[in-house]
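Look over the sequence and the model shown here, then read on for a short walk through its cores and one of its contacts.

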Amino acid sequence: MDFLFSFTPLIPLFPLLAFAVIVLFTYRYNRLSSDIAIGSIALSTVLAWAVLLATLLGGEHIQVEGWQLRVPWLPAGTTVLDLGFAVDGFTAAMLFMVPFVCLMIFIYSQGYMKLGQPDQDPRYARFFAYISLFAAGMLGLVVARDLVLLFVSWEIMGLCSYLLIGFWSFRKADDEHHIDEAQVIRARKAALKAFITTRIGDVLLFSGIALLYSYTGTVTLREIFRPETLETLQTISLLGMPAVTVIALLVFGGAVGKSAQFPLHVWLPDAMEGPTPVSALIHAATMVAAGVYLVARMLPLFIAGFEVADAPALHWVAIVGAITALLGATIGLAQDDIKRVLAYSTISQLGYMMMGLGLGSLVAGIFHLLTHAFFKALLFLGAGSVIHGVEHGHHVAAHADHVHTEHFNPNDMKAMGGLRHRMPYTFVAYLAGTLALVGIVPFAGFWSKDEILAEAFHLWRADGALNLPFWVWLAGTLGAFFTALYMGRQLGLVFWGEPRHTAARHAHESPSSMTIPLIVLALFALLFGFVNAPFLGSPLHHFMGGVHEASEVVHAEAVPFNFTVAAISTVLAVAGLLLGWLLYRNYRPGQVEPFQVVLGPVFTLLRNKYYIDELYQQVIIRPVVWLSNFCFNIDDRWIIDPFVDLVGAAGRVASDIVRVLDSVVVDRWFVEGTAQLFNAAGRGLRYSETGRVQNYLLVVAVTILLLLGLYLYF
Amino acid sequence: MAIEQALQIFVFVILTLMTLGGGLAVVTSRNLFHAALSLILSLAGVVGYYVLLDAGFLAIVQLLIYIGAISILILFSIMLTRGLMTPRQVQRNEQWWIAALVVFLTFVVLIVALWQMVWPIADDEALRTPNVAISQLGEALVGPYAIPFEIISVLLLVALVGAIVLARETENNQGSHAEAGSSE
Amino acid sequence: MAIPLSWWLTVAAALFAIGLYGVLSRRNAIGVLLGIELMLNAANINLVAFWRFITPQALTGQVFAIFVIGIAAAEAAAGLAIIISAYRRRRTVVVDELDTMRW
Amino acid sequence: MEALIRWLVDTFPPLSEALARLIVYVLYSGVLAFVAPVLIVVAYTYMERKVLARIQDRVGPNRAGPLGVLQGFADAVKMLTKEDVTPACADRVVFNLAPVLATVAAILVFAVLPVAPGVIGADLQAGVLYVVAIGALGEVAALMAGWSSDNKFALLGAFRAVAQLIAYEIPIVLAILAVVLAAGSMQLGAIVAAQDIPFALVLPVAFLVLLVASIAEIGRSPFDLLEAESEIVAGYHVEYSGMKFAFFFIGEYMHLFASAGVITTLFLGGWRGPLASSDSLLGVLLGFIYFVVKTTAVIWIMMWVRGTLFRIRIDHLLDFAWKFLVPLGLILVVAVAVALKLPAVNSPALRWIALLGANVIAALLMMIVISLLARRSRSAALRAVAGAD
């Protein structure tokens, strides 16, 4: 069956081709375009599963050593930059999930973008081109053998997320699609925010890769992870730390940006401005998974850092993960937008994955990534279905009343209610997703979340003291409770109670192209957890656990099932779910929220997301804007006045000596003189921005000359 | 062999005069058209260099692309934007003396480095017979260097399309107007 | 070869310096482009000279020289298109006056 | 040439081989640069006048010498004695350089033409490419002349010239590429040696493309837009007179001969013919004669075209190049490449047949496309007419 591996390069290629074909040729034919996109991802799925099959049959050798294909890309002197493909157990596990979830989302999008209906999205074909490229990026990332291809795919995803989050920024205000000017601007800003925020991470990642290349002379992952190479990296000292720690932290920086970890998580909730399938794609299968995948892939680097440094990068991963998990879960309690709740839930779940990886357990983190992909895609698609139905209901209601009601936000949960009767399939699927997310036996999320918590618990007990694993475990368990709480609230608001708005009363079930993916994903949310269920012998551990087996800190063996941990988290989850549901199922619009009653000011804090956006606004964005304005103002006020004032002051020196002391020394010198000093500085500095390219070039030339001189002669 | 050596040096000196003289004329000439023609002279000198260095194919490619395509393109654009260029216009900006200083220093730094360096020159036998058949070059381009080669092709295509889009923006509007008019 | 490697490199360095001067001091955008062409050619002379003297059996030098020429062609096409486009909008090709980004 | 060098070394012992080589090549280039142009211009202007006269039912030159054979010399004397005018606003240096460059560009092509067995200036590995590259110098010369004259007709002529030359350079390259594929070499000597059957017979489409494009490249009727008297007076050399004009004139005829020579070399077997060989002086001479005869025949076809067809419009001219010749050339190159790589092609005879087949297929494909397009534009035109009613 090894011949199946040679299909690996084709897996990312098909969506890429679909992108090219749609953009170049079929962009005028909507149905054809979406069919091409779906067909290509379906082909990729088939191929990916074939590769998975080959890996399964290939036994331990293939699963650990892996298959690889080297594609020499740019021979440059003695080194050759490669662009290769590789498959091992880990990759194969990802290959099971990524294309399949993408396929479900693609099929769903066809319904969501209203193919063939009068209000079909005007840029329908383009949408499918973008998501195809997105999928190609993620698949390329997964099968990459070298950092070059990995980084290229990474950047493709960055671009696509920008394009897709801002997908509705090109629309004019438009009644048909419920789009107003403010939303267009929001979409634009959200796209920019996502792009710039993840860019911070990308720069870090790129510097990490560059450092790796400069120290090891190779970009091939497997060669980097050879014990000799890692040992060399451990001995080199950089910035007072071993180089390997620095590189690992840089790589983790990239993952923090992409996977929306604290403090770079701010872009993810705003990314909700894109169409809902995009949210599902970003949150489940592609974008945010990439960061976790990257950290998991690079785990040997982190481990190597663990062995030599005092404050190892691995701990940072766990700490950041724990913070993020709690942060996301608590913010999720206070949001009204159905998609935003899910977005914060994603952030929190990503925190769990990072926690798992930070504890050194590759399998726990990745297992949660896989299960999460299924149930989060399900939840998002379900949310999309709800929005779709409510929007439709709004449409119907507006027509029936013959009045155009005030602007209506179809995402607002407080305007929903009672939808379990109107949208039964969506409800059932959504319920399955919720149970999986909350972690109720036997849904997928239970097994994966439990494994992370068990891992932490196990490490804590092994040591005994109140060490890092203990705090991680505590954060995880608390997070699980909050997760259940906000999901209960959401269920109560959306599906129970009386309809709280005419739109909800007129909502109806979505078309089958949307419900079928929901049902399929619901099945996976129910059953997928068993691939690593402890009582089945944790098959996933055997499958992919050995990938990084060279390092000792990575736990290839499964932690034994711990009943205490499972019981605690399950009880908390059920309690949270019930509490949320009870408090909110009969909530009436206009009422004070039950949580607000209980939590008071804390609720406001949560509602405003801990003011992190505002903090960034104050601490980073404002000063920059202020500095610009400062320079600008100085410019305006400088030119003549101070001169006149100085002359006048000189006159006063002659006429009034007493006032001289007072006004000149105090006022002119100290007060205005200070101002003038700044004026002059600003004035002088602003000349550096001449806008003339040749001035800049001259600076470049001088710099290069200096560097060259330094390099050659000193 | 003495004659050949003498000839080579003679030719080298002449080519250097062409190349560097032409180059100086390119950067100092007040008349831009003359500057472009001097560029051709300079590039022709480089063609000669390639011949001297036994890179015949490169010489011809240089002739074809630099003189045949790029220079013509530059001459064309000079004519298209020529309304502004009275030949007597000052052609250098205020920072030229700093530039000259920096450039001179760069040159000195490079030269000193070049002459201090000991180059790993190949042994004499290999030096005498470097004749590379064009077919070898072609095979290299579609063999080990195939991917960069393709990338260059794509780059050229993109440049071509981009140049067309950039340069005919205004015409495009007129064109769409004309279409709109005709369809009514 | 009657001419040693260092001569070639010297000539190339001189041509590069001349081109750099052109890029830095020309007021006319097309003049700047001319300077860039000179610099690219200087680089090419170096590539070919190194190929001839150091690795005459490997083709890397020549191949890269060809790539540089190809890139130069693309650069000239795109650069001139930008210049013409700028000329259309601003009626000038003087680099000093194309300073929209000025403070 | 090698024979001549050997003979020199043998006869004059003090000569080293290098020196003898130097002498021979200097002499050869002297012949190409100073003797050939005069002969070619005199001979072919006379021929052109006579041929055109015959086509137009006139007598042609008949005063200077018997049957007017000395007409060319008379023209030359007239040209040289005319006043040499330089416009006041002209850019003198460039103005004076342009005609020289035009002539030099035409002469340089001869450096790689195998005019007789063993007689070739330099059998470059990339000889074919060299021919194309040198053509660019002519464009530069045209631009220089047009710009420096400070005359709007001259400038327009130069623009036209360059647009036309660039447009037609591409089909030329494509046609040549077909030959290169068939011959397996870019060396002109090797291409001649590969033509056991003249390529014109096995690559007729390429031959026609090259012929048509060459006519355009040297700016002869029906593609003589760059000097169309009725539109832009005389194009880029409108301001030239006397000796400098003579240079352009020489350049034009040299270019004509060179292009015909290239066509001969690439498609008509060059100097090949019965008994032509590099072994004996007679064989060499015979080869040279074959070459000249074939070249003259090509030139005659060009003159014939000139006498028969009318000038076409500039946009038609460019359309013809970009929308007909270039696609045709592309199809042809692909077809030839495929034909040569077919597994069944394993004997010379099969090779020729495969090549011919490729040509036929290319021509047919192009015809089909053209007819489809024509039908579409016809029906569009019909619809437009119907709509107007």
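A nonpolar core is a set of buried Ala, Val, Leu, Ile, Met, Phe, Trp, Tyr and Cys residues joined through C-beta atoms within 7 Å; buried means that 20 or more other C-beta atoms lie within 10 Å of a residue's own, with C-beta atoms placed from the backbone. This is a predicted model, in which local features need pLDDT of at least 70, side-chain atom pairs count only at pLDDT 80 or more, and totals for chains, interfaces and linings use all residues. Residues are numbered from 1 along each chain as its sequence is written, and chains are lettered from A in the order in which they are written.

The largest nonpolar core has 230 residues, of which A:Val101, A:Ala377, A:Leu378 and A:Ala525 touch the most other members. Helix α16 (residues 362-401) of chain A gives the most to this core, 19 residues; helices are DSSP runs (H or I, at least four residues), numbered from the N terminus. A second, separate core of 210 residues includes B:Val61, C:Leu40, D:Leu108 and D:Ala260.

Chains B and C also meet: 76 residues of chain B and 65 residues of chain C take part in the contact, where two residues are in contact if their C-beta atoms, placed from the backbone, lie within 7 Å. On the side of chain B that touches chain C, the elements giving two or more residues include α1 (2-28) and α8 (169-183) of chain B.

How confident is the predictor in chain B? Its pLDDT, the predictor's confidence in each residue from 0 to 100, averages 77 in chain B, and 80% of the residues score at least 70. Among the elements of chain B, α2(B) has the highest mean pLDDT (87) and α8(B) the lowest (43).

Note on methods: Buried ≥ 20, exposed ≤ 12 C-beta atoms within 10 Å, placed from the backbone.
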